[in-house]
Amino acid sequence: MAAPAYPAWVTRWVSGQWRNKKRPPALRPPRPLALADKVANRREQPTEATCITEMSVMMACWKQNDFNDAPCAEEIRMFYDCVAKAEKERKNQNEDTLSSRGNLPSSKVNKLLRRFPQITRYV
Amino acid sequence: MAAPSAVGLGRRLRAWLPRMMPVRWSRYNPSYLEPEVKKESYQKPLEELTEEEREQMELKAVRPIKAAPPTLSSSVFSDPMISKFTNMMMKSGNKVLARSLMSQTLEAIKRKQLEKYHKAPENEKETIECNPYVIFHQALKNCQPIIGLSNITKGGKTYQVPVPLTDNRKRFLAMKWLITECRENKHRRTMMPEKLSQELLLAFNNEGPVIKKKHVLHKMAEANRAYAHFRWW
């Protein structure tokens, strides 16, 4: 008997490709599957205002005492202390550490990633 | 042909003078140290100095020192606040006039307080403050605003947001208010020292138009306290 010329699908069926779920690739990546060296730009949320409680306490005291400063000396002192503390913290915070919310802005992340890029090929 | 090019060259060369460009900041090398003007720091014997003061002295032996500005003085009579106030009163660089006005103001304050002192009954004599410097400092302190307003634009609209002020800004505002008040709201024939001494004495007692201006600012800040969250610092 001559070599039987079966259609291609018969050979494929017989070889069990379909049963082994061998399908054409489901994903054809347009870009290489590797991490890029930058993150998307994200709008940074503004930090909250500091010393609002002290300010409102001081203003309540002012309202009661007709805006005289002498009776409200304690509240004013507390407000000044809070402001000084916030100012000191703002000066001391290092730019490269995390912000108060635990986020790094996207520009700094990109700078770090540029220093340690993804290796795409070996020489 | 030769003449225009020579003129242009001269002008360009004059504009490019190496190391002589006037700028707003300090041109000193960062290694230069500030001059020490206080006499007491030099009269201390060597043993009384702390570790850091000794290190500072050794550093001064090696590093160059900046030139002392003409406003910095080692005299016991010099007061940085008074100097600052005199500078703010000065017009067109006429420091002689500003300084004489300042001394006349202090003299006027002293005269008024002495008059009150001699007219007062015995038990009240201690309460009257006669030192014009003390009056000046206390009056300025009473005039300083505690909280300021700043314009913050959000969503296209500008809001007046209550904002804490730095010490320098408070001092500046107090002095500015005093000087503007004395320049504008006086009779044509009153002299500046008289009006200034009047305003300083009123401010010392927490009265007067400058204190009112400060209260108006505080009231506006209190009215706008809802916008305090628009601040981001």
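This is a predicted model: local features need pLDDT of at least 70, side-chain atom pairs count only at pLDDT 80 or more; totals for chains, interfaces and linings use all residues.
Q: Which elements of chain B supply at least two residues each to the side that touches chain A?
A: Strand E2 (157-164) and helix H9 of chain B each do that.

Q: And where does the largest share of that side come from?
A: From H9(B), with 6 residues.

Q: What about the classes on the side of chain B that touches chain A?
A: That side has 9 nonpolar, 3 polar and 6 charged residues.

Q: How many residues of each chain are in contact?
A: 18 residues of chain B contact 19 residues of chain A.

Q: What area do chain B and chain A bury between them?
A: About 1700 Å². Carbon and sulfur atoms account for 66% of it.

Q: Which residues in chain B lose the most area to chain A?
A: B:Ile146, B:Glu222 and B:Arg231. Together they make up 33% of what the chain B side buries.

Q: Salt bridges next. How many does the rule find across the interface of chain B and chain A?
A: The rule finds 2 across that interface. Over all chains, the count comes to 13 salt bridges.

Q: Which residue does B:Glu222 meet in a salt bridge?
A: B:Glu222 meets A:Lys63, side chain to side chain, at 3.2 Å from N to O.

Q: Why does that pair join two chains?
A: Because B:Glu222 lies in helix H9 of chain B, while A:Lys63 lies in helix H2 (residues 52-64) of chain A.

Q: What does A:Asp69 form with B:Lys214?
A: A salt bridge, with the closest N and O atoms 2.4 Å apart.

Q: Which lining residues are closest to its centre?
A: A:Glu44, A:Thr47, A:Gln93, A:Ser99 and A:Ser100, out of 32 residues that line the largest pocket.

Q: Which elements give two or more residues to that lining?
A: Helix H3 (73-92) and helix H4 (106-115), both of chain A. H3(A) gives the most, with 5 residues.

Q: How do the residues of that lining divide?
A: The lining of the largest pocket has 12 nonpolar, 10 polar and 10 charged residues.

Q: How much space lies in the second largest pocket?
A: About 500 Å³.

Q: What lies nearest its centre?
A: A:Asp69, B:Lys141, B:Asn142, B:Ile146 and B:Lys214, among 21 lining residues of the second largest pocket. A:Asp69 and B:Lys214 also form a salt bridge. B:Ile146 is also one of the residues of chain B that lose the most area to chain A.

Q: Which helices supply at least two residues each to the lining of the second largest pocket?
A: H3 of chain A does, together with helix H6 (132-143), helix H7 (167-184) and helix H9 (209-223) of chain B. The largest share, 4 residues, comes from H9(B).

Q: And by class, what does the lining of the second largest pocket have?
A: It has 7 nonpolar, 6 polar and 8 charged residues.

Conventions
Residues are numbered from 1 along each chain as its sequence is written. Chains are lettered from A and ligands numbered from 1 in the order in which they are written. Side-chain values use heavy atoms; hydrogens and water are left out. On a 1 Å grid over the protein atoms alone, a cavity is a set of points where a 1.4 Å probe fits but cannot get out, and a pocket is an open set with protein on both sides within 12 Å along at least five of seven lines; lining residues have an atom within 4 Å of a point. Ala, Val, Leu, Ile, Met, Phe, Trp, Tyr, Cys and Pro count as nonpolar, Asp, Glu, Lys and Arg as charged, and the others, Gly among them, as polar. Grid points are joined across faces, edges and corners, and a volume is the space filled by probe spheres set on the points. Contact means heavy atoms within 4.5 Å. Buried area is the accessible area (1.4 Å probe) that two parts lose on being put together, summed over both. A salt bridge is a side-chain nitrogen of Lys or Arg within 4 Å of a carboxyl oxygen of Asp or Glu.
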